[in-house]
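Please open the model in your viewer and keep the selection tool at hand. The stops below say what to select next and what is to be found there.

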Amino acid sequence: MAAVTKDTEQLEKIRQLLDRLGKASRNLTRASEQQARQLDVRIKEFVDRGANTTDRVLRAIDREVQRDIRGMKRELTRLEREAERVQDAAKQQARKQTAAKKRAAAKKRPAKKRPAKKSKATAKKAKRVKKTAKKRPAKRASGTSKRVRAA
């Protein structure tokens, strides 16, 4: 009987050991599950922070690009105005040059030949015509004559 009690005691010790191993296994499982959950939470936090940071960076880049585009539009408008001003100045310069060329061409034209000298009698007659033209009164603008008014 001593052997049976010995075997029973050993079996009891083995059962206790198995119970303790089971409890330890369950505790390890719970701890590993808890760590896995904490790890998932941490990963989600990192992903969320990364997404928020990415959004902030993208918004900042968008603002910067929009500001650059507005600046380029202003610069383009300024350059267009400057180009129009230069074109207008070039047109005016071209007009001045054309007018100067016309004047220069007019000066270079040969002078008209003078008619043959008139006789003295013809010259005196021309002088008389000029003098009488000067003495005549200017025509009236109204178109009514003195005779019509008197009537």
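Begin by selecting Arg67, which counts as partly exposed at 45% relative accessibility, where partly exposed lies between buried (under 20% relative accessible area) and exposed (over 50%), computed with a 1.4 Å probe and protein chains only. Before going on, note that this is a predicted model, in which local features need pLDDT of at least 70 and side-chain atom pairs count only at pLDDT 80 or more, while totals for chains, interfaces and linings use all residues. Residues are numbered from 1 along each chain as its sequence is written, and side-chain values use heavy atoms, with hydrogens and water left out.

Side chains of opposite charge can pair when their charged atoms come close. Because Arg67 and Glu64 are three residues apart in helix H1, about one helical turn separates them. Glu64 is itself partly exposed, with a relative accessible area of 36%.

**Further pairs along the helix**

Select Glu75 and Arg78 next, whose side chains meet in a salt bridge with an N to O distance of 2.5 Å. This pair, too, is three residues apart in helix H1, about one helical turn; Glu75 is partly exposed at 36% relative accessible area, and Arg78 is partly exposed at 40%.

Then move to Glu12 and Arg15, where the salt bridge spans 3.7 Å from N to O, and where both residues lie in helix H1, three residues apart. Is Arg15 buried or exposed? Arg15 counts as exposed, at 52% relative accessibility, whereas Glu12 is partly exposed at 38%. Under the same rule, the count of salt bridges comes to five.

**A nonpolar patch**

Select Leu11, Ile14, Leu17, Leu18 and Leu21 together, and you have a nonpolar patch on the surface with about 490 Å² of accessible area. Such patches are made of residues with over 30% relative accessible area and no salt bridge, with nonpolar side chains (Val, Leu, Ile, Met, Phe, Trp, Tyr) joined within 5 Å and like charges within 9 Å.

**The whole chain**

Finally, clear the selection and look at the chain, which has three helices and zero strands, helices being DSSP runs of H or I with at least four residues and strands runs of E with at least two, numbered from the N terminus. Buried residues make up 0% of its 151 residues, and carbon and sulfur atoms hold 57% of an accessible surface of about 15500 Å², an area from the Shrake-Rupley method with a 1.4 Å probe.

Coloring by pLDDT, the predictor's confidence in each residue from 0 to 100, where is confidence lowest? The lowest mean, 51, is in helix H3 (residues 146-150), while the highest, 93, is in H1. Where pLDDT is low, the predicted coordinates should not be read in detail.

Notes:
Salt bridge = Lys/Arg side-chain N within 4 Å of Asp/Glu carboxyl O.
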